[in-house]
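Welcome, and please have your viewer ready.

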Amino acid sequence: MALGLVALPVAFVGLLLLWPLAVVVDRALRPEGMLDLTPFADVAADPSLWGVIWFTTWQALLSTLLTLVLALPAAWLFARNRFVGRNVLWAALVVPFVLPTVVVAAAFTSGPSAAVAPRGTLWAVLLAHAFLNYAVVVRIVGVAWADLGDRFASAAAVLGAGRWQVARRVTAPLLAPSIVASASVVYLFSFTSFGVVLLLGGSRLRTIEVEIYERVRQLDLGTAAVLAISQVVLVVGLVWVAGRWAQRWSVALRPSDPSPSRRVSGARRGATVLAVVSMLLVIGLPLLTLVVRSIWGPDGWTWSYWSALDERRGVLQAAPLVALMNSLAVGALAAVIAMVVGGLAVAGIVTLERSGPAWRVARPAAFDALLMLPLGASAVTVGLGLLLAFGRPPIDLRSTVVLVPMAQALVALPFVIRVLLPATRAVQLSMRESAAVLGASPWSVARHIDLPLLARPIAIAGGFAFAVALGEFGATLVVARPNLPTLPLTVARLLGQPGEINRGQAMAVATLLMIVTVGVVLTVDQLRGGLRD
Amino acid sequence: MSSSPSISFEAVYVTDAVRLDVADLVVSLGGTEVLRGVSLSAPASRTTAVLGPSGGGKSTLLRAVAGLVSPDSGVVRLNGDDVTTVAAHRRGVGLAFQDLALFPHRDVAGNVGFGLRMSGVESAETARRTAEVLERVGLSGVETRRVDTLSGGEAQRVALARALAPRPGVLCLDEPLAALDRVLHDRLVAELHGLFTTIATTVVLVTHDQREALALADHLVVLGDGRILQAGPPQMVWERPASEEVARFLGHQVVNDWRGTGRVVLRPGALRIVDHAAPLRGRVLDAVFAGEHTTLTLAIGEIAEPVEVDVVDPAALGWRGQDVGVTIDDERIWPLDR
Amino acid sequence: MKRILALILVAGAFIISGCGSGVETSTDTSNGQVAGTTLRVLTHDSFDLTPEVLAAFEEQTGITVELIAGGDAVAMVNQAILTSGNPVADVLFGIDDNQLSTAREEGLFEPYVAVDRDRIRADVAVPAGDIVTPVDLGDVCVNFDRTWFAERGVAPPSGLEDLADPAYAGLLVVQNPATSSPGLAFLLATVAAFGDGYGDFWQQLTDNGVVVSDGWEEAYYGEFSGGSGEGQRPLVVSYATSPPAEVFYSESYAADLAAGTLPAEAPTGVVPGTCFRQVEYAGVLAGASNPAGAQLFINFLLSDSVQSDIPLTMFVNPVRSGVALPEVFERYAGSPGEVWSLPAQQINAARTNWVEEWRRIVLG
């Protein structure tokens, strides 16, 4: 039964990711029907490519560490304190996810950040990664932290542990699974980072993915395929190791008493200030830059960029508001697909883990790694593969509208799993078993026990999935797509032409996207209390 | 909540009598054999207590009976029907967990009525029976309480009510009273006894507390290290433990060399202190006050090891270092090496 | 997407308005067999037509047009090449000379030229073999910030060589030719101008502090100081149509137009002698499932209605003679001086080497 549950997710990833990848590799390495492995030798002999691989690896590590350092205080702030605007801020953290890369780049090159970390510097790339991934850490760790409550810390304090000892010996180990989970997502994201590095790296800083992109543009499929394979191998190894770690450290925790929060005061002030400053600098400033740009023209404050959002102008295919509706619809569809597929996958993995020693470690971890692949596989290569693989009748899906939400769901899948898996593991086995002996079938257990108990993580995962889809992270996956005007595409078109109206309106559209995102995520959160109060 | 809930003794319903048989059950968890060939029979409408130390496989036995773990081999039968491969939710075996596992997202009524809802009982009937079973466990009027606002005793009663509500053929209770304070514990033992008597359901209760087991059981099974060590009527097991291990679970003293006859079990009352001159003398090595009695540790000349004797007289606390007379009640001595 | 499609107007050289008005469009047809069919058109993300113009075509022919966006021009053509023989669409629009030879070698197109081929302006040729039809053209040029140079009393550069002059040190922003179409076009301009000496020229530019970005937006908005740019450097590789676009897309354009207070000149200008011409072509993809419809669509692209629509939708110049240009083009397009170009075959043969060499010199 557990195998049945994972069958759909595995097929989903296999069909949309592995097969396309295999098609590209096949085409690249068997150009004339004969296996030709010279691209491997060529890559191995090219020191500049080794440099790219090495840079990719360490910049991702630095990005992850920086993100953790900047975001953990905020995770604490949200988890353990109550303050005005907490829910809105919690939702707003997701905004960087949905912003088109060109807008992120604009925020970093024209705002105050440019002074600290000018384009083309390592700092620009690292800061942009922290900006994008901040929410991953805050949301995943924050929820775990809130559930932790005061119990364990109090217990340890009574046993004579000082504040630092509590942090080091109690809080940190208990948070470790969620920290590892979020860090692995951040690492993967930074490892496969494409748009941000392309736009902020100033041509000299190149990740493997950027290199693949350039090679594909030159139709150098051999090198691209070899690099794509290397990337997958590195990523799978990493996820596997992280998965085993996380599983070893996973501790079943019962949600604590529902009043862990308290007003910010006294000794907590230091940590609070740290959290607020980090949020302000990392998230607030770049976003504020965009908002200001949308209402600040050459002659001062103006609403003119906003006033025409319901009109289709020369450079646009549809009014920005129409594009917004398109984006919301596609994003919602993608989120639903990702939640269904991800939910089945998590159910399957957890069932396997509990079904016996033979399955306990190796195979669930393997499924886990497979399902994390969408974050690690080269989006450029997969996009190409979709084009090549889905072109044969009877399934010529290349230009159909279904591929877009499917590809977005594919990218959102790892987020869904990363959020749901630890939470599902933490649901007490006895809850499910109680329900079963009371006559609930496995389906009823899922419906009456798992779903309600996991409502919060589900809301969080859904919000993530929606945000990821809204931001068209998957857009690079699908190279040929129906000309459906979406918000990111609209921004790209606006920024594709000179002129202050275009620039101003791009900023207005980006700001609108922010507002809508906060609204949607806030609503999803409120459906079942995104944060415990 | 009512300040002093108590379980109602009125017979509200009686389930069909179901007999449980387990034969040669072997269960492995994580590569270790937790049950190594367990066979037992729980008579219909009676309470069977499984007594054993923590980690002895008691919970696993219950989970296998309820269908939550698949045995490597062996058979579970209900009224003679092999249900070994029947899924938990179709087996009709109720189980109340040691950690209660009340559903935090449902109120008391939602918890208690869960099983009825799962079996398709309509909502009005569910509400009626929920109220009825809550009343039976002494918790009327708490239907809309959140489960995380219940006290320990109340939560225990709700868990019991939840397991009872669907009227399972066999009701399994895993350490039902372990988390309660002594006073509440003792009261609930009495109430449960009355309850089990009146509902006449087949109950299998797992505990590490011999007093609880003896008080509630019609049939006592001692389980240790994955095997049945002894089974039988409580009084028989109490008086004639089959092994030193069983004797120790029951709280009896075991003396390795009893006046040259080998190992014996000393049940309470086997030795008595007398103030007149008795042929047997012992020196009081230690005296510990325990409320209703005082426990003396005696060195008796012809016995190699010290033995303990309970004395009701509180003056015994002052006897340390003195010699006392001892009489022996051979009825309360059970030889292990026959 | 990052491309602006180009074009430019060479305004001076290109004032052919007026003559030939009244030419009939050639899309009307009595060929009823295409009615009710669907036509798939693969374009780059910048492709755009006024919806009414496209709707008129659909109404006239009974064809339903599905636009498929394939990324920027290079990505789109690569897709077509990789799927040649089993195309994703019937028509491809937006290939330029850079990739035309590859496309020809791959047999990407079923040869076809629009029926109005004799209306194409004289300085634009139909490629050999009649495989595709020119639709629009644009020039990639170095733009300069008028205000910046005026404020400092410095004359803007007057040709390619000036860009390497220490007087203009640290002022120029270019795009990486490996990732950007205008970046590649500008590299080709230097190859066309200096031949084998282009490497030395780039070495001089590098020594002179040239700044490289991967995409046009970053270069123009992020680094360029002129017009809507918010950077610090007054020279950037962009399009000849960028100055008119700056005026057309200024906040006050509508008001100024109504009040007759349009500025005398655009805030930016074009450095003469730095332009490389890009012609965009459309063709019928080999293996198209609707070849008849595809041909009608290509006829349509060269029709008056499309040719007069594209200047303000894509900011490119029409190739059809006699099409009136919008006033904002006429008035604000700079003078490109000599416009560079290279034969498609030469580009195809050496492009990869040029880009590699460029990367070695500039990025090190």
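Two residues count as in contact if their C-beta atoms, placed from the backbone, lie within 7 Å. This is a predicted model, in which local features need pLDDT of at least 70 and side-chain atom pairs count only at pLDDT 80 or more, while totals for chains, interfaces and linings use all residues. Residues are numbered from 1 along each chain as its sequence is written, and chains are lettered from A and ligands numbered from 1 in the order in which they are written.

**Stop 1: chains A and B**

Select chains A and B together. How many residues of chain B are in contact with chain A? There are 20, and they meet 17 residues of chain A. On the chain B side, α2 (88-91), β6 (93-96) and α4 (114-118) each give two or more residues; helices (H or I, at least four residues) and strands (E, at least two) are DSSP runs, numbered from the N terminus. By class, this side of chain B has eleven nonpolar, seven polar and two charged residues. Here Ala, Val, Leu, Ile, Met, Phe, Trp, Tyr, Cys and Pro count as nonpolar, Asp, Glu, Lys and Arg as charged, and the others, Gly among them, as polar.

**Stop 2: the sheet of chain B**

Stay with chain B and show its open sheet of four antiparallel strands, in the order β2-β1-β4-β5. Strands pair if DSSP finds at least two bridges between them. At the edges stand β2 (32-42) and β5 (81-82) of chain B, each with a single partner strand, so one side of each has no neighbour in the sheet. Eight bridges join β1 (residues 20-29) of chain B to β2(B) in the antiparallel sense; for one of the partners, pick B:Leu20, which bridges to B:Ala42 in β2(B).

**Stop 3: chains A and C**

Next, select chains A and C. Their contact takes 53 residues from chain C and 46 residues from chain A. Several elements of chain C give two or more residues, including β1 (38-43), β2 (64-69) and α13 (344-363). Which element gives the largest share of the chain C side? It is α2(C), with six residues. That side has 22 nonpolar, 19 polar and twelve charged residues.

**Stop 4: inside chain C**

Colour chain C by domain: domain 1 is 32-138 + 278-332 and domain 2 is 140-276 + 340-363, with bounds from an automatic or database domain assignment. The domain centres, taken over C-alpha atoms, are separated by 27 Å. Their contact takes 16 residues from domain 1 of chain C and 20 residues from domain 2 of chain C. On the domain 1 side, α2, α3 (97-105) and α12 (327-332) of chain C each supply at least two residues, and α3(C) gives the most, with five.

Then centre on C:Thr268 in strand β9 (residues 268-270) of chain C. Is C:Thr268 buried or exposed? C:Thr268 is buried, with 30 other C-beta atoms within 10 Å (20 or more means buried, 12 or fewer exposed, and in between partly exposed). Among the residues that C:Thr268 touches are C:Asn143, C:Phe144 and C:Pro243.

**Stop 5: confidence in chain A**

The mean for chain A is 79, and 83% of its residues reach 70 or more. Among its elements, helix α3 (residues 47-80) of chain A has the highest mean pLDDT (91) and strand β2 (residues 262-263) of chain A the lowest (48). Over residues 252-265 of chain A the pLDDT is below 50.

How values were computed: pLDDT is the predictor's confidence in each residue, from 0 to 100. Lists of a residue's contacts leave out its neighbours within four places in sequence.
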